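These are my notebook entries on a structure that was new to me. I set down what I looked up, in the order in which I looked it up.

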Amino acid sequence: MKNDIRHQGIVEKVEKHKVFIRVEQQAACSACHARSACAASEKKDRIIEVDDDSGRYAVNERVLVSVQSAAGFLAVILAFVIPLALVVAALTAGAVRSGSEAVGGLAGLAILIPYYPLLYVFRGRLKKKFIFSLSKV
């Protein structure tokens, strides 16, 4: 439990084997006194789907959603690190092979076209790695 990422949320919907929780995500600087003038202090609501067969949760109930921090690191790697590495590699290879920075730039963008659909195809396998747990607040 020490290495878990935890967020408080509100149960939005309860289905047969799933609970949908609305989690308000705030920027790290949300406690700053200048947040009203800063574009970085945005709030966003996310819906997290958690498998649950217990039937213990009701709509509008406050809950604590947790996931292992290793899953958080995996999400960062899949969403940011690998795409950045692919773009830089394709940009460099395209520019070197063609001698044109424009071609390198297009290659850098084009490499992402198969990457994100590939993530979508493997979403079932990835979903097994991101296991969320619920507890009442």
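Entry 1, burial. I looked up burial in this predicted model and found that buried residues make up 21% of the 137 residues in the protein chain.

I recorded four helices and five strands in the protein chain. Read from the N terminus on, the elements run β-β-β-β-α-α-α-α-β. I also looked up the contacts with a separation of 6 or more, and residues 24 or more positions apart account for 68% of them.

Which residues make the nonpolar surface patch of about 430 Å²? I noted Val76, Ile77, Phe80, Val81 and Ile82. I placed one of them, Phe80, in helix H1, which covers residues 69-98. Is Phe80 buried or exposed? Phe80 counts as exposed because its relative accessibility is 58%, and the cut-off for exposed is over 50%.

I examined helix H2 (residues 101-110) and helix H3 (residues 112-121), whose axes come within 5 Å and cross at roughly 5°. Angles under 35 degrees count as roughly parallel, and H2 and H3 are therefore roughly parallel to each other. Which residues make the contact between H2 and H3? On the H2 side I listed Gly108, Leu109 and Ala110; on the H3 side I listed Leu112, Ile113 and Pro114.

Conventions:
Residues numbered from 1 in each chain as written. Predicted model: local features only at pLDDT ≥ 70, side-chain atom pairs only at ≥ 80, totals over all residues. Heavy atoms only, no water. Patch = residues over 30% accessible without salt bridge, like charges linked within 9 Å, V, L, I, M, F, W, Y side chains within 5 Å. Areas by Shrake-Rupley, 256 points an atom, 1.4 Å probe, with all protein chains shown as cover. Salt bridge = Lys/Arg side-chain N within 4 Å of Asp/Glu carboxyl O. Helix = DSSP H or I, 4+ residues; strand = E, 2+ residues; numbered from the N terminus. Buried < 20%, exposed > 50% of the residue type's maximum accessible area, 1.4 Å probe, protein only. Axes fitted to C-alpha atoms, helices over the stretch in contact; angles between N-to-C directions. Parallel < 35°, antiparallel > 145°, perpendicular 65-115°, else oblique. Contact = heavy atoms within 4.5 Å.
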